[in-house]
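Colleague: Please take a close look at one part of this model, the inside of the chain, and tell me how it is packed. Keep to what can be computed from the atoms.

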Amino acid sequence: VLMLTAAGCGGAKTQDASAYTPEKPLIIKFSHVTTADSPKGKAATRFAELMAEKTGGKVKVEVYPSSQLYGDKDEMEALQAGNVHIIAPSATKLVGFNPAFQIVDMPFLFKNHDSVIKFWDGELGKKLLGSLESKNMLGLAMWENGFKVFTANKPLAKPEDFKGLKFRTQAGKVLEAQFKALGSGAATIPFGETYTALQQGTVDGQENTWNNIDTQKYVEVQKHLLVSNHGRLDYIVLTNKKWYSELPEEFRKAFDESMAEATKYERELAVQLDKESENNLRNSGMTVVELSESEREAFVKLMEPVYSEFAETVGKEIIDGARKL
Ligand code: LMR
């Protein structure tokens, strides 16, 4: 009865920061699926360092990389349940909460890196981040990774090469439709299981950023890479809304400041590591194929049906807004 009354008042029961010491710190768990040396991994570590500094060690952020704690299938539920406090899934993986997050998957939509940043930092991006609050998830920031390219264990250069191949996708119907337009099959496979799926031939190929292909060592199981830059991989950093609202005020302030600094760091690092990984892969023995302007146009045309099919689901306003940037 007492709890019902408290809930009824609508007031969050803010905790007291003085309850915590460097010996008995407040533990914040940050779980993610990429390696510790990916931009997301490094920025999560930076966030942890900043939080320790700003709270004099009274808050300890534990970072769990590489799907150690939770993977694609369960990290969102774990966040909503409060078993983990921060996750940073790719926008695509939020499709079950709001299909408009598939904006990142609309083929050849964003002109360049600048348009991507403008989108997420502008009104449309903020609206998307805010759309998760009714699900007890607070969108904190966009952390980027980069543009995606295709890889396979068979040569990839022209649209015909995609026919009959099967590709791993992260989630959602847009990516499925993209591969269908290319005459390929698609299978949703968690990130943590993708290397094995490629190795065992469950799928022939996949699409990802230079950095994920590099840090996941797909070069060991994929021979061919097509530089298509057809879609985006951007992360939405999320926290549990109720948990966050109950943080002691001084910790919440440190949290917000650390997140802002880690975000700036992550975005700069992502651009730098994207280039480094591209360089690594170009020197890796993989066959790397470029698209001429007319070859690129052929892919754009072939994928056009994705727009008519998903204009409504993803939202015309948001698609047009992104295209204009
Ligand atoms: C993927 O599943 O390919 C990516 O979303 C993984 C990641 O977090 O970069």
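**Packing inside the chain**

Modeller: F47 touches F30, V61, S258, M259 and A262, leaving aside residues up to four places away in sequence; two residues are in contact if their C-beta atoms, placed from the backbone, lie within 7 Å. This is a predicted model, so local features need pLDDT of at least 70 and side-chain atom pairs count only at pLDDT 80 or more, while totals for chains, interfaces and linings use all residues. Residues are numbered from 1 along each chain as its sequence is written.

F47 belongs to the largest nonpolar core, which has 83 residues. Such a core is a set of buried Ala, Val, Leu, Ile, Met, Phe, Trp, Tyr and Cys residues joined through C-beta atoms within 7 Å. Buried means that 20 or more other C-beta atoms lie within 10 Å of the residue's own; with 12 or fewer it is exposed, and in between partly exposed, all C-beta atoms being placed from the backbone. Those with the most contacts inside the core are F47, M51, V61, I236, V237 and L238. Helix 10 (residues 249-282) gives this core its largest share, nine residues. Helices (H or I, at least four residues) and strands (E, at least two) are DSSP runs numbered from the N terminus. In soluble globular proteins, nonpolar side chains tend to be buried together.

Helix 6 (residues 173-181) also has buried positions, namely V174, L175, A177, Q178 and F179. They pack against strand 5 (166-169), strand 6 (185-188) and helix 12 (305-314). After helix 6 comes G183, with a positive phi near 80°.

L109 sits in the loop between strand 3 (86-87) and helix 4 (113-121). L109 counts as buried because 21 other C-beta atoms lie within 10 Å. Its contacts, not counting residues up to four places away in sequence, are I319, A322 and R323.

For the chain as a whole, buried residues make up 45% of the 325 residues. Of the contacts between residues at least 6 apart in sequence, 79% join residues at least 24 apart. The chain comes to 13 helices and 10 strands. Its radius of gyration is 21 Å, close to the 20 Å of the globule rule for 325 residues, so the chain is as compact as a globular protein of that length. That radius is taken over C-alpha atoms, and the rule is 2.2 Å times the number of residues to the power 0.38.
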